[in-house]
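The exercises below are to be worked with the sequence and the coordinates at hand. Each task is followed by a solution that goes step by step.

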Amino acid sequence: MTTNFENFPVYIKSLELIEKVYQFLKSKGLEKEFEFNNQIKRASFSISNNIAEGSEYNNNRQFIKYLKIAKGSCAEVRSMMIVSKRLKLGDENAAEEIINLSREISSNISNFIRYLKENIERT
């Protein structure tokens, strides 16, 4: 298994998500939402960081564990964006874009987990 996480398409997408979250947080109405801003930043960072950290173990079982954490962080990002829309915080279109991208990343992580599990069973 390669440990060059920087080239994983799902990792690259997770960096795109962080960029979109930072852009979203520049929206009007979020200037004083410090706790919300901090939590969504942490959740979005968790996706890319867990992909990176898990890949360094050179062990598919360990990697899967970290990918599952990253997948959970995708759900946290989506949940926070849903809340932001309900509370009318920030740009609704940007929130929807982040929701869709987090769904895509979550799906990609699921596919990656499936691939890694198949490789565990073959060895």
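A salt bridge is here a side-chain nitrogen of Lys or Arg within 4 Å of a carboxyl oxygen of Asp or Glu. The model is a predicted one, in which local features need pLDDT of at least 70 and side-chain atom pairs count only at pLDDT 80 or more, while totals for chains, interfaces and linings use all residues. Residues are numbered from 1 along each chain as its sequence is written, and side-chain values use heavy atoms, with hydrogens and water left out.

**Exercise 1. Determine which residue forms a salt bridge with Lys 85, and state where the two partners lie.**

Step 1. The partner of Lys 85 is Glu 96, with the closest N and O atoms 2.3 Å apart.

Step 2. Lys 85 belongs to helix H3 (residues 60-86) and Glu 96 to helix H4, so the pair ties together parts that are eleven residues apart in sequence; helices (H or I, at least four residues) are DSSP runs, numbered from the N terminus.

Step 3. Lys 85 has a relative accessible area of 25% and is therefore partly exposed, a class that lies between buried (under 20% relative accessible area) and exposed (over 50%), with a 1.4 Å probe and protein chains only. Glu 96, at 28%, is partly exposed as well.

**Exercise 2. How many salt bridges does the structure hold, and which side chain meets that of Lys 13?**

Step 1. The structure holds three salt bridges.

Step 2. Lys 13 meets Glu 104, at 3.2 Å from N to O. This pair links distant parts of the chain, since Lys 13 is in helix H1 and Glu 104 in helix H4 (residues 92-122), 91 residues apart.

Step 3. Glu 97 forms a salt bridge with Lys 20, the closest N and O atoms lying 2.5 Å from each other. Because Glu 97 is in helix H4 and Lys 20 in helix H1, the pair ties together parts that are 77 residues apart in sequence.

Step 4. The accessibilities complete the picture: Lys 13 is partly exposed at 25%, Glu 104 at 35%, Glu 97 at 41% and Lys 20 at 24%.

**Exercise 3. Describe how helices H1 and H2 pack, and by which residues.**

Step 1. Helix H1 (residues 9-24) and helix H2 (residues 34-55) pack at an angle of about 170°, their axes being 9 Å apart; axes are lines fitted to C-alpha atoms over the stretch in contact, and angles run from 0 to 180 degrees between N-to-C directions.

Step 2. H1 and H2 are therefore roughly antiparallel to each other, the term for angles over 145 degrees.

Step 3. By class, the contact has 14 nonpolar, three polar and one charged residues.

**Exercise 4. Are Ser 44 and Ser 102 buried or exposed, and what does each side chain reach?**

Step 1. Ser 44, in helix H2, is buried at a relative accessible area of 0%. Its side chain reaches the backbone oxygen of Lys 41 at 3.0 Å, and, neighbours within four places in sequence left aside, Ser 44 is in contact with Ile 18, Val 21 and Val 77.

Step 2. Ser 102, in helix H4, is likewise buried at 0%. A polar atom of the Ser 102 side chain lies 2.9 Å from the backbone oxygen of Ile 99.

How values were computed:
Helices (H or I, at least four residues) and strands (E, at least two) are DSSP runs, numbered from the N terminus. Angles under 35 degrees count as roughly parallel, over 145 as roughly antiparallel, 65 to 115 as roughly perpendicular and the rest as oblique. Contact means heavy atoms within 4.5 Å. Ala, Val, Leu, Ile, Met, Phe, Trp, Tyr, Cys and Pro count as nonpolar, Asp, Glu, Lys and Arg as charged, and the others, Gly among them, as polar. A polar contact is a pair of N or O atoms within 3.5 Å; within protein, one must be able to donate a hydrogen and the other to accept it, and residues adjacent in sequence count only if both atoms are side-chain atoms.
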